[in-house]
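Trainee: Hi, I'm new to this one. Could you walk me through it?
Mentor: Happy to, let's look together.

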Amino acid sequence: MRVTVLGSGTNVHPTRAAAGYLVETDRLLLFDFGPRTLMNLIKTGVDRHQLQHIFFSHFHADHFSDFITFFFDAVFHAKYVAPRPPLILYGPKGIRSLFGAILKEFPGFSSAPFKVSIKELTDEAIRLGKTRITAGTVVHSPNLHCQGYRVEHQDRTFSYSGDSEYCNGLVKLCRRADLTILDCSYPTQRPGKGHMTARDCGRVAKAADVKRLILSHFYPVAERYDVKGQARQEFDGRITMARDRMKIELPPA
């Protein structure tokens, strides 16, 4: 399993792309598609025209807006360059209405020369080839169903919080993960509703007994403090600050 951070910041971060994470197992999987992540995806060298499975944690713009640019490019490529395989979009409650409207109303989208499927994946698991993906509800916004994800392949496990406060659902998703990427929007001194502080991330990692914690989804204020040190107050395992285009290899156990 290989995990590539496409975006480690937020919608308003001056130097980091917003949320996006590429996971390579026997399948190519993308989790969230925030602004500026498409260019980072291109820079990885991965063929975006072979990407078939895109998972969304929730529908705030900093987690899905680059999908629109990606899809425009996919339609053009499939019409004038080469065919592409079907595309499947997964997400929590509301994905069919939102993405159905996008695909219907944006000019040219409804005439895409490839099949597009939209699947609600809420508090359940699916298997794609030899990879198991589990979606689980987390606490973020009272007006949206928000979820994180857990990916299991060849005895390795990756978990991703999406945007979340500390909650039991998130701890469950992260249980004994080899690698977990958590929403570290704020330092402990400057908490914000709907997100975790660095110390909250440490609490999740400790409660879930994860092997390695990566802090991500930084608002600019977070980087003015020692967020690694704050997370370490709760979790004594390996902690890393994410950076755009960081690659993490998880070889088979």
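Trainee: How many strands form the open sheet, and in what order?
Mentor: Seven strands form it, in the order S6-S5-S4-S3-S2-S1-S15, with mixed pairing. Strands are DSSP runs of E with at least two residues, helices are runs of H or I with at least four, and both are numbered from the N terminus. Two strands pair if DSSP finds at least two bridges between them. This is a predicted model, where local features need pLDDT of at least 70 and side-chain atom pairs pLDDT 80 or more, while totals for chains, interfaces and linings use all residues. Residues are numbered from 1 along each chain as its sequence is written, and side-chain values use heavy atoms, leaving out hydrogens and water.

Trainee: Which strands stand at the edges?
Mentor: S6 (116-120) and S15 (247-249) do; each has a single partner strand, so one side of each has no neighbour in the sheet. On average, neighbouring strands are turned by 20° against each other, direction ignored.

Trainee: In what sense do S3 and S4 pair?
Mentor: S3 (residues 28-33) and S4 (residues 53-55) pair in the parallel sense, over three bridges. Leu29 stands opposite His53 in S4.

Trainee: And which strands does helix H2 touch?
Mentor: H2 (residues 66-80) packs on the sheet, touching S3, S4, S5 (87-91) and S6. Contact means heavy atoms within 4.5 Å. The direction of H2 makes about 170° with that of S5; axes are lines fitted to C-alpha atoms, for helices over the stretch in contact, and angles run from 0 to 180 degrees between N-to-C directions.

Trainee: New topic: what lines the largest pocket?
Mentor: The lining includes Asp123, Glu124, Arg150 and Lys172. A pocket is an open set of points on a 1 Å grid over the protein atoms alone where a 1.4 Å probe fits, with protein on both sides within 12 Å along at least five of seven lines; lining residues have an atom within 4 Å of a point. S8 gives the largest share, four residues.

Trainee: Where is Asp123 found?
Mentor: Asp123 is in the loop between S6 and S7 (124-128). Asp123 has a positive phi of about 50° although it is not a glycine. Most residues other than glycine have a negative phi.

Trainee: Is His217 buried or exposed?
Mentor: His217 counts as buried, at 3% relative accessibility, whereas Asp123 is partly exposed at 48%. Buried means under 20% relative accessible area, exposed over 50%, and partly exposed in between, with a 1.4 Å probe and protein chains only.
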